[in-house]
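The sequence and the structure are shown first, and the points after them are grouped by topic.

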Amino acid sequence: MTDATNAQRQLAEFAEQLRSLGWNGHFGRSLAAMDTGPGRVARVISAQRNLFLVADGAEERLCPPSGRILHAGDDYPVTGDWVLTDGDVIRSILPRMNILSRGEAGSRNGRSGTALREQPLAANLDMVFIVCGLDRDFNLRRLERYLTLVYNCGLAPLVALTKADLLDDPEAARRQVEDIAFGVPVVLASMLDDRGRDELASRLGPGRTVAMLGSSGAGKSTLANRLYGGEIQATGRVSDSVGKGRHTTTARELIRMPGGGLLMDNPGIREVALYLDGDGVEKSFADIAELAEGCRFADCSHESEPGCAVLRAVELGRLPPERLESYRRMEREMRYVAERRDKSANRVEKERWKPIAKLTRKMK
């Protein structure tokens, strides 16, 4: 075998290894368009402070970020990112296909008195499993928030209802979720009889990346173990008194599944704060958006306007009042997010012009 043939074979093997980690044409085109020097492509498998476990198919290794990334502050690797490494240092991040983000806990609606900050959870995903236990964790209003968060990030959701064995009629719970999650797959899962396992595993085909979101104790780690076919994630018992679980998952890590996909378990989320400004509210509340088309006024707020088709639907019992109130809360929150973004942009622009203004005053 010639050196050229051997090099081509090694390149083909390397490309196949990258595809098994989720590499696709989007990242190939992004890499080709980047003005960068030589480097080795790898994917961030997990993030721990200033160290990142990356994989390139051939090996996994811990890499710190370069000084430029460390001090830039506005673009930092997260689990799921594709990066270029130089030796054992992450030199640059490839443009993301998408990113799953939420508002940092404690800053929702500005209650902390500080600016709303982004908390990136994962990048370059194909789907998000929203995991909800059919015990005290079952909450339709919280599910609406999860759906809105996922839609705002431009991602496809699936709702996994775990602990289905706890209910005599879990199908009734599934129907309740389907009534608020239009067109979203809803899967009943149970650790006792492996219910839903095959349906969920089918979403984890070769090269696909899925992240799980849910509260502590919702059953995410147990579900990960079932999908993997072995104990790979620690699990904890849910408190009988408060119905909450401990944070058994403490890091966001991509797990290579037997079927070829990658699954990321997330630490439990207590506060589902929205951050990205997208069309999540419209998609999560498609029924209200459809009703609103019949309102007398195009800018109807569905509060007290005459001829409001949404309020009429509430009066007739076709729309639960608590769902309308949930819609109003998230509409207000998204306006707040947009306003904070505009104010932050204006602040940045003012800071940029401040030295020029000082120089102009001195010249005068």
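Leu94 lies in the loop between strands β5 and β6, the latter spanning residues 99-103. The model described here is predicted. Leu94 counts as buried because its relative accessible area is 2%, under the cut-off of 20%.

- Beyond its neighbours within four places in sequence, Leu94 is in contact with Trp23, Phe27, Leu31, Met34, Trp82, Val83 and Leu84.
- Between the C-alpha atoms of Leu94 and Gly28 there are 9.5 Å, although these residues are 66 apart along the chain.
- Ile93 belongs to strand β5, which covers residues 89-93.
- With a relative accessibility of 12%, Ile93 also counts as buried.
- When residues up to four places away in sequence are not counted, Ile93 touches Met34, Ile69, Asp75, Tyr76, Pro77, Asp81, Trp82 and Val83.
- The C-alpha atom of Ile93 is 9.7 Å from that of Val41, a residue 52 places away along the chain.

**Overall composition**

- The protein has 364 residues, of which 45% count as buried.
- Its secondary structure comprises eleven helices and 13 strands.
- Of the contacts between residues at least 6 apart in sequence, 67% join residues at least 24 apart.
- The protein exposes about 18,900 Å², and carbon and sulfur atoms supply 50% of this area.

**Nonpolar cores**

- The largest nonpolar core contains 65 residues, and Leu100, Val159 and Leu213 have the most contacts inside it.
- Helix α4, residues 140-152, gives the most to this core, with seven residues.
- A second, separate core has 18 residues, including Met127, Ala160, Leu204 and Met257.
- Asn152 is located in helix α4.
- A relative accessibility of 10% is the reason why Asn152 counts as buried.
- Apart from neighbours within four places in sequence, the contacts of Asn152 are Leu276, Gly278, Asp279, Gly280, Val281 and Met334.

**Helix α7 and its cover**

- Helix α7 spans residues 220-228, and its buried residues include Lys220, Ser221, Leu223, Ala224, Asn225 and Leu227.
- Among the elements that cover these buried residues are β8 (127-133), β9 (157-162), α6 (197-201), β11 (209-213) and β13 (262-265).

**Strand β13 and its partners**

- Strand β13 pairs with β11 in the parallel sense over three bridges.
- Within this pairing, Thr209 has Leu262 of β13 as its bridge partner.
- Strand β12, residues 253-256, runs antiparallel to β13 and is joined to it by four bridges.
- Opposite Ile255 stands Leu263 of β13.
- The hairpin of β12 and β13 has five residues between the strands, and Gly260 there takes a positive phi near 105 degrees.
- In a regular strand, side chains alternate between the two faces of the sheet.
- In β13, Leu262 and Met264 point one way while Leu263 and Asp265 point the other way, and all are buried.

**Cysteines**

- A search of the whole structure finds zero disulfides.
- Cys63 counts as buried, with a relative accessibility of 0%.
- Cys132 likewise counts as buried, at 4% relative accessibility.

**Confidence of the prediction**

- The mean pLDDT of the protein is 84, and 81% of the residues reach 70 or more.
- Confidence is lowest in helix α1 (residues 3-20), with a mean of 70, and highest in strand β10 (residues 186-188), at 97.
- Residues 108-114 keep a pLDDT under 50, and the model has 14 contacts for them beyond four places in sequence.
- Residues 238-249 also stay under 50 in pLDDT, with 29 contacts beyond four places in sequence.
- Where pLDDT is low, the predicted coordinates should not be read in detail.

Technical notes:
Residues are numbered from 1 along each chain as its sequence is written. This is a predicted model: local features need pLDDT of at least 70, side-chain atom pairs count only at pLDDT 80 or more; totals for chains, interfaces and linings use all residues. Side-chain values use heavy atoms; hydrogens and water are left out. A nonpolar core is a set of buried Ala, Val, Leu, Ile, Met, Phe, Trp, Tyr and Cys residues joined through side-chain atoms within 4.5 Å. Buried means under 20% relative accessible area, exposed over 50%, partly exposed in between (1.4 Å probe, protein chains only). Helices (H or I, at least four residues) and strands (E, at least two) are DSSP runs, numbered from the N terminus. Contact means heavy atoms within 4.5 Å. A disulfide is a pair of cysteine sulfur atoms within 2.5 Å. pLDDT is the predictor's confidence in each residue, from 0 to 100. Accessible areas come from the Shrake-Rupley method with a 1.4 Å probe; for residues, only the protein chains shown count as cover. Two strands pair if DSSP finds at least two bridges between them.
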